[in-house]
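Here are my notes from going through the side chains, in numbered points. Have the viewer open while you read.

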Amino acid sequence: MGTNQNPKETQKNSFGPSSAKAYLDPHYWDERFSNEEHYEWFKDYSHFRHLIQAHIKPNSSVLELGCGNSQLSEELYKDGITEITCIDLSAVAVEKMQKRLALKGYNEIKVLEADMLNLPFSNECFDVVIEKGTMDVLFVDSGDPWNPRPETVNKVMAMLEDAHRVLKPDGIFISISFGQPHFRRPLFDSPKFTWSVEWNTFGDAFHYFFYVLKKSFFLLPSLSSNSLIFSLLPHSTFVDLLPSRHKPTLPTRCPTTSPAPIHP
């Protein structure tokens, strides 16, 4: 996929897969990242920098989902956003990114091997969660875009639910996507989420969408009846009020400020 293409299109470069379904294969990504140093999906940072600056403050803690070999984290760092954690499912991508950032002196950026469908962070860790083209990969085998397969919907919802969970009560989720609003809104607008949804577009030949989902407070179900108590409570307060048997088992703590280790 070129920088102005979507995941369902055949790539113009030597790393393009034989079919779009290969994007769902972790082995494809390991092999690709082993041979490719840098690639940007959906344009580089310069095309949407003005949108980033309107929503991310320099003191924000940022989680990037599916960093691959993109330079997004480096560009954010250059703009003064230094509390950044990047994750990717590919151990190859993580190791190469760690080494690249260390060589450039960007030691504050942490890079971890992790699954975006099961994030290893506790609740309300980040001010911003951002993804660029990562969610689109989940749609390459979705079938009818108006009625995607249940397997696709389940994966996308798992991604969104975990992004929502790790966001602070006033945090934002930024999704940079080729997916049009009429396809994305039914998922973003699920009653499971407490965020508002807005978007902008950028690009020339192709239009890409810059979604901003702003988290707020949510409705607290009554713990003693089937009725709803319409209480404005942040997520952490809601979890504290749950009976112990309903409390989720939280993964590891929020990232520390120490740099990620570099593999030899």
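1. Over the ring of which residue does the charged end of arginine 184 sit? That ring belongs to phenylalanine 139, and the charged end is 3.9 Å from its centre. Another case is arginine 32, which lies over the face of tyrosine 39 at 4.9 Å from the ring centre. The rule here is NZ of Lys or CZ of Arg within 6 Å of the ring centre and within 35 degrees of the ring normal.

2. Some ground rules before going on. This is a predicted model, where local features need pLDDT of at least 70 and side-chain atom pairs count only at pLDDT 80 or more, while totals for chains, interfaces and linings use all residues. Residues are numbered from 1 along each chain as its sequence is written, and side-chain values use heavy atoms, with hydrogens and water left out.

3. The largest nonpolar core has 40 residues, and Phe48, Ile52, Ile174 and Phe210 have the most contacts inside it. A core here is a set of buried Ala, Val, Leu, Ile, Met, Phe, Trp, Tyr and Cys residues joined through side-chain atoms within 4.5 Å. Buried means under 20% relative accessible area, exposed over 50%, and partly exposed in between (1.4 Å probe, protein chains only). Among the elements that each supply at least two residues of this core are helix H1 (26-35), helix H2 (49-55), strand S5 (167-177) and strand S7 (208-215). Helix H4 gives the largest share, 4 residues. Helices (H or I, at least four residues) and strands (E, at least two) are DSSP runs, numbered from the N terminus.

4. Take a look around isoleucine 174. Leaving aside neighbours within four places in sequence, isoleucine 174 is in contact (heavy atoms within 4.5 Å) with Ile52, His55, Ile56, Val128, Val129, Ile130, Glu131, Phe210 and Tyr211.

5. Helix H7 (residues 181-188) has Pro181, Phe183, Arg184, Leu187 and Phe188 buried. They are on the same side of H7 because they cover an arc of only 160° around the axis, taken from the directions from the helix axis to the C-beta atoms. What covers them includes helix H5 (134-137), helix H6 (150-166), S5, strand S6 (195-202) and S7.

6. Aromatics next: there are 15 aromatic pairs. Rings of Phe, Tyr and Trp (its six-membered ring) pair if their centres lie within 6.5 Å; planes under 30 degrees apart count as stacked, over 60 as edge-to-face and the rest as tilted. Phenylalanine 178 and tyrosine 208 form a tilted pair, since their centres are 5.8 Å apart and their planes at 55°. Phenylalanine 178 is in the loop between S5 and H7 and tyrosine 208 is in strand S7, so this pair ties together parts 30 residues apart in sequence. Both belong to a cluster that ring pairs build from Phe42, Tyr45, Phe48, Phe178, Phe202, Tyr208 and Phe210.

7. With centres 5.2 Å apart and planes at 70°, phenylalanine 188 and tyrosine 211 are edge-to-face. Here helix H7 is linked to strand S7, with the two residues 23 apart. Phenylalanine 188 has a relative accessible area of 1%, and tyrosine 211 comes out at 0%.

8. Check the backbone at two spots. Lysine 43, in the loop between H1 and H2, has a positive phi of about 70° without being a glycine. Glutamate 124, in the loop between strand S3 (110-113) and S4, has a positive phi of about 55°, and is not a glycine either. Lysine 43 counts as buried at 15% relative accessibility, as does glutamate 124 at 16%.

9. Finally, the cysteines. Counting sulfur pairs within 2.5 Å, there is 1 disulfide. It joins cysteine 125 to cysteine 254, S to S 2.0 Å, and is left-handed, with -90° about the S-S bond. The two cysteines are 129 residues apart, cysteine 254 being in the segment after helix H8 (235-241). Cysteine 125 is buried at 7%, whereas cysteine 254 is partly exposed at 31%.
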